[in-house]
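Biologist: I'd like a close look at one part of this protein, please. Keep it friendly, as I'm new to this.

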Amino acid sequence: MVIQDTRHDLRDLLRCLAMPFQLQSLIFVVLTSALLSFFTGGDLIRLVVSLAAIWMLLVWLTQYALHIIDDAANGVREAQTASVEMATAFLDARAWVHPTLAVAIAVMLYLNPSWPRIPVLIGAAILFPASLGASAMTGHALHALHPGEIARVMRGMGVFYPLVVAFVLGCAMVGLLIAQRTDSRFIVVASMEMLVLLAYAGLGGALYLRRLELGFEPRQSPERVAERAESGRQAERQRFVDELYKDLRVRESARAAGNAARWLRESQPEHLKGDLHAIIEAGRRWSEPREYPRMLRGLIPVLLEMKQPALAFALVEAGLAAAAQFAPATEAEALQLIRYAQHTGRRRAARQLLENFLAANSATPPGAALLALKSAMDSETA
């Protein structure tokens with residue numbers, strides 16, 4: 001299960017909101033605002049002549065805004081440089097949807113003055129972020145009109161969706177105030193463009209923050225970075241396990257144990273259990289009934305030294321499964337593992353481990369601690 005890292009959510013959202021204020025975006029806004037303010041000024045004749053230029057600039061703005069929301073939603077925090085290709089045509093069909101809807105709503109309200117305008121505008125304001133978010137996540141223009149996709153965005157955003165709607169409405173209100181109180185056409189146009197880009201960047205950042213709830217997989221995210229790192233590590237671990245098997249096939253169990261010990265010592269704590277289990281799982285498929293238990297026996301002191309008795313006993317269980325007479329190499333190891341088996345309720349394994357060790361070291365008298373342990377176990381059995 002993927003766990004989302006939420007420690008830097010606020011900082012990441014602020015980085016999204018800062019994208020329109022980066023140099024690339026500011027250059028684009030200054031250039032297009034200057035051109036738009038020039039072409040929209042003057043008499044009707046200039047306006048008619050300048051319609052083509054106005055259209056091109058609006059296309060450019062729409063395309064750039066879509067790049068902003070796409071980048072913000074996909075974990076990119078550097079604003080793109082506006083390219084000339086963005087202004088040539090509507091390369092992205094999503095750029096047509098919301099301008100067309102806005103024109104359609106305006107025309108319908110104009111042709112039907114009896115319709116209540118406030119409820120219609122409020123409904124449009126509520127649905128706009130979800131509609132735009134749906135098309136931004138999937139990349140499909142029709143999803144901006146799909147009720148299921150729109151509902152998915154609202155549901156995934158949860159309690160954050162009213163905040164997103166309020167943020168977009170706040171951008172619109174600020175733009176209205178600037179238009180009413182500023183005489184400079186350049187400042188009005190530049191402010192409008194910046195607010196549009198800010199609204200798109202904010203929505204993209206919200207999509208990124210709620211990516212798990214939305215079922216959305218950005219191109220760049222901590223989860224994808226971790227997934228790629230884990231995939232790379234698994235491949236590296238598999239290569240290492242294959243090298244162990246090669247050593248065992250040429251009866252170099254000591255070398256295999258030394259390499260495995262070095263690998264386990266260098267493993268991060270969160271990887272140690274997985275690394276050991278990978279070795280054990282691979283060993284169950286190996287056809288080396290003598291060398292494999294010897295390698296496991298060589299790893300037991302390493303894990304006991306690392307204060308990992310549970311993992312050390314996993315080696316014992318794997319060794320007993322591979323060879324019924326498996327036993328640790330030293331009495332100290334046997335004592336620690338037998339006591340661990342007793343404390344964890346594995347009495348049968350503890351008895352078998354004791355008998356195996358005594359049988360393997362029959363020529364050497366057991367120590368007092370081991371004799372006392374054997375006596376206690378015999379008393380319990382009796």
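By class, how many nonpolar, polar and charged residues does the lining of the largest pocket have?

Modeller: Before the count, a word on the source: this is a predicted model, where local features need pLDDT of at least 70, side-chain atom pairs count only at pLDDT 80 or more, and totals for chains, interfaces and linings use all residues. Residues are numbered from 1 along each chain as its sequence is written, and side-chain values use heavy atoms, with hydrogens and water left out.

Now the lining: 36 residues are nonpolar, 6 polar and 1 charged. Here Ala, Val, Leu, Ile, Met, Phe, Trp, Tyr, Cys and Pro count as nonpolar, Asp, Glu, Lys and Arg as charged, and the others, Gly among them, as polar. A pocket, by the way, is an open set of points on a 1 Å grid over the protein atoms alone, where a 1.4 Å probe fits, with protein on both sides within 12 Å along at least five of seven lines; lining residues have an atom within 4 Å of a point.

The largest pocket has a volume of about 1500 Å³, meaning the space filled by probe spheres set on the points, which are joined across faces, edges and corners. Of its 43 lining residues, His98, Pro99, Ala102, Phe128 and Tyr200 lie nearest the centre. Several helices (DSSP runs of H or I, at least four residues, numbered from the N terminus) each supply at least two lining residues, including H4 (51-73), H6 (117-138) and H9 (185-209). Helix H5 gives the largest share, 11 residues.
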